[in-house]
Amino acid sequence: TTASLLGGAAGLLLGGVWVGGALFAATSYLARKEDDDVSKVLKGVASSGLEVLNFGSYIDNKYAVTGQIGSALSGAIKESPLDKATDFISTVDKDIGIKSTLGNLVTSASEVAGQAVGAGV
């Protein structure tokens, strides 16, 4: 899943929506192959990307960077009409679980894209 997201994001940045979708599907298919060198490379790159994110999270927890930025932004939002929108989004997130829903959606999309490309090949 991480490899397909990285491929899709790279394609989106380099060539737009269609290239991003094509690279998402291609990396979904290639990353699911078991004994392929390309699969090993994609999995290695995805693993390295996750390590970078984990290191960033560690630094954030150690120095509380986003907490300080978040509290400053929260103070600014409390004084604006965005406060009601923030409350609404928080309520929707509690009811629906946006993070888990999007995670399940991305995982399913990656599996379907990999199967579709596999069927086409």
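**A glycine and its helix packing**

Modeller: Happy to! Let us start with G7, which lies in helix α1, residues 2-15. Please keep in mind that this is a predicted model. The mean pLDDT of the protein is 78, with 90% of its residues at 70 or more. Where pLDDT is low, the predicted coordinates should not be read in detail.

Is G7 buried or exposed? Its relative accessible area is 10%, under the 20% cut-off, so G7 counts as buried. Apart from neighbours within four places in sequence, G7 is in contact with L23, F24 and T27. One of these, T27, is 20 residues away from G7 along the chain, yet the two C-alpha atoms are separated by 5.9 Å.

Those partners bring us to the pairing of α1 with α2. The two axes come within 7 Å of each other and cross at roughly 155 degrees. An angle over 145 degrees counts as roughly antiparallel, and α1 and α2 are therefore described that way. Their crossing is right-handed. On the α1 side the contact is made by A3, S4, L5, G7, G8, G11, L12 and G15, and on the α2 side by V17, V19, G20, L23, F24, T27, S28 and A31. By class, these residues divide into eight nonpolar and eight polar, with no charged ones.

Now for α3. Helix α1 packs against α3 at an angle of about 85 degrees, with the axes 8 Å apart. The pair is therefore roughly perpendicular. From α1 the contact takes T2, A3 and L6, and from α3 it takes L42, V45, A46 and L50. Six of the residues in this contact are nonpolar, one is polar and none is charged.

Helix α2 (residues 17-31) also packs on α3 (residues 37-63), at an angle of about 110 degrees and with axes 8 Å apart. That angle makes α2 roughly perpendicular to α3. The crossing of α2 and α3 is left-handed. Here T27, L30 and A31 of α2 meet V38, S39, L42 and K43 of α3. This contact has four nonpolar, two polar and one charged residue.

Note on methods:
Residues numbered from 1 in each chain as written. Predicted model: local features only at pLDDT ≥ 70, side-chain atom pairs only at ≥ 80, totals over all residues. Heavy atoms only, no water. Axes fitted to C-alpha atoms, helices over the stretch in contact; angles between N-to-C directions. Helix = DSSP H or I, 4+ residues; strand = E, 2+ residues; numbered from the N terminus. Parallel < 35°, antiparallel > 145°, perpendicular 65-115°, else oblique. Left-handed = near helix turned anticlockwise from the far one by under 90°. Contact = heavy atoms within 4.5 Å. Nonpolar A, V, L, I, M, F, W, Y, C, P; charged D, E, K, R; others polar. pLDDT = per-residue confidence, 0-100. Buried < 20%, exposed > 50% of the residue type's maximum accessible area, 1.4 Å probe, protein only.
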